[in-house]
Amino acid sequence: MTATGSFTVKLDPQQDKKTPAGRMLINKVYSGDIQGTGVGQMISKRTENGNAVYYAIEEVQASLAGKKGSFTLLHSGVMSAQGQQLSITVMPGSGEGEFAGISGECIIEQKDGEHFYQFNYQL
């Protein structure tokens with residue numbers, strides 16, 4: 001099954017003065033086929049030459065296809081001169097409520113300052 005829509009995201013940088021990586025709190029609001037919120041934390045690192053990585057854990061509380069519940073998304077991203085790789089998958093066994101047993105992956109696209117998702121899932 002596929003769900004599509006958009007989301008707004010607010011990233012709140014945290015001050016971790018003794019670590020070489022940055023940390024941010026994530027707050028999202030989903031609209032479209034997914035109606036709900038996502039909260040989480042992101043760890044990132046960018047080098048002077050522009051290479052970057054990020055990892056995040058996001059807890060989604062939402063309704064989708066007439067069902068309500070929650071699940072966890074795991075984010076992993078790499079950016080370099082050779083290109084970008086982004087992987088966002090549902091953590092196995094994280095579905096709760098009517099999302100028990102959910103699996104899948106999410107594709108994110110940014111266009112004209114807006115964020116869009118395509119969530120390919122099995123329930």
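Keep in mind that the model is predicted, so local features need pLDDT of at least 70 and side-chain atom pairs count only at pLDDT 80 or more, while totals for chains, interfaces and linings use all residues. Residues are numbered from 1 along each chain as its sequence is written, and side-chain values use heavy atoms, with hydrogens and water left out.

Let's begin inside. In soluble globular proteins, nonpolar side chains tend to be buried together. Here the largest nonpolar core has 21 residues, and Ile34, Phe71, Leu73, Tyr117 and Phe119 have the most contacts inside it. A nonpolar core means a set of buried Ala, Val, Leu, Ile, Met, Phe, Trp, Tyr and Cys residues joined through side-chain atoms within 4.5 Å. As for burial, buried is under 20% relative accessible area, exposed is over 50%, and partly exposed lies in between (1.4 Å probe, protein chains only). Two or more residues of this core come from each of strand 1 (2–14), strand 2 (22–32), strand 3 (34–46), strand 4, strand 5, strand 6 (83–90) and strand 9. The top contributor is strand 4, with five residues. Strands are DSSP runs (E, at least two residues) numbered from the N terminus, and helices would be H or I runs of at least four.

Leaving aside residues up to four places away in sequence, Phe119 touches Met1, Thr2, Ala3, Ile34, Leu64, Phe71, Leu73, Val90, Ile102, Glu105 and Cys106. Touching, or contact, means heavy atoms within 4.5 Å.

Now follow strand 9 (114–122). Strand 1 pairs with strand 9 in the antiparallel sense over six bridges, where pairing requires that DSSP finds at least two bridges between the strands. Along this pairing, Gly5 sits opposite Tyr117. Strand 8 also runs antiparallel to strand 9, joined to it by nine bridges. Two of the facing pairs are Lys111 with Glu114 and Ser103 with Gln122.

Strands 8 and 9 form a hairpin with two residues between them. Asp112, in the turn, has a positive phi of about 50 degrees, and this residue is not a glycine. Asp112 counts as exposed because its relative accessibility is 73%. Ala65 belongs to the loop between strand 4 and strand 5 (67–80), and its relative accessibility of 59% is why Ala65 counts as exposed.

Over in strand 2 you'll find Gly32. With a relative accessible area of 39%, Gly32 is partly exposed. Beyond residues up to four places away in sequence, Gly32 touches Thr4, Gly5 and Tyr117. By contrast, Gly32 and Phe99 are 67 residues apart in sequence and 18 Å apart in space, C-alpha to C-alpha.

Next, the charges. How many salt bridges does the structure hold? There are two, a salt bridge being a side-chain nitrogen of Lys or Arg within 4 Å of a carboxyl oxygen of Asp or Glu. One joins the side chains of Asp16 and Arg23 at 2.7 Å, N to O. Asp16 is partly exposed because its relative accessibility is 26%, and Arg23 is partly exposed with 24%. The other connects Lys28 with Glu58, the closest N and O atoms being 3.1 Å apart. This pair links distant parts of the chain, with Lys28 in strand 2 and Glu58 in strand 4, 30 residues apart. Lys28 is buried, given its relative accessible area of 7%, and Glu58 is buried at 0%.

Val53, Tyr55 and Val78 make a nonpolar surface patch of about 240 Å². Patches are made of residues with over 30% relative accessible area and no salt bridge, joining like charges within 9 Å and nonpolar side chains (Val, Leu, Ile, Met, Phe, Trp, Tyr) within 5 Å. The areas come from the Shrake-Rupley method with a 1.4 Å probe, and for residues only the protein chains shown count as cover. Tyr55 lies in strand 4 (residues 52–64) and is partly exposed, at 48% relative accessibility.
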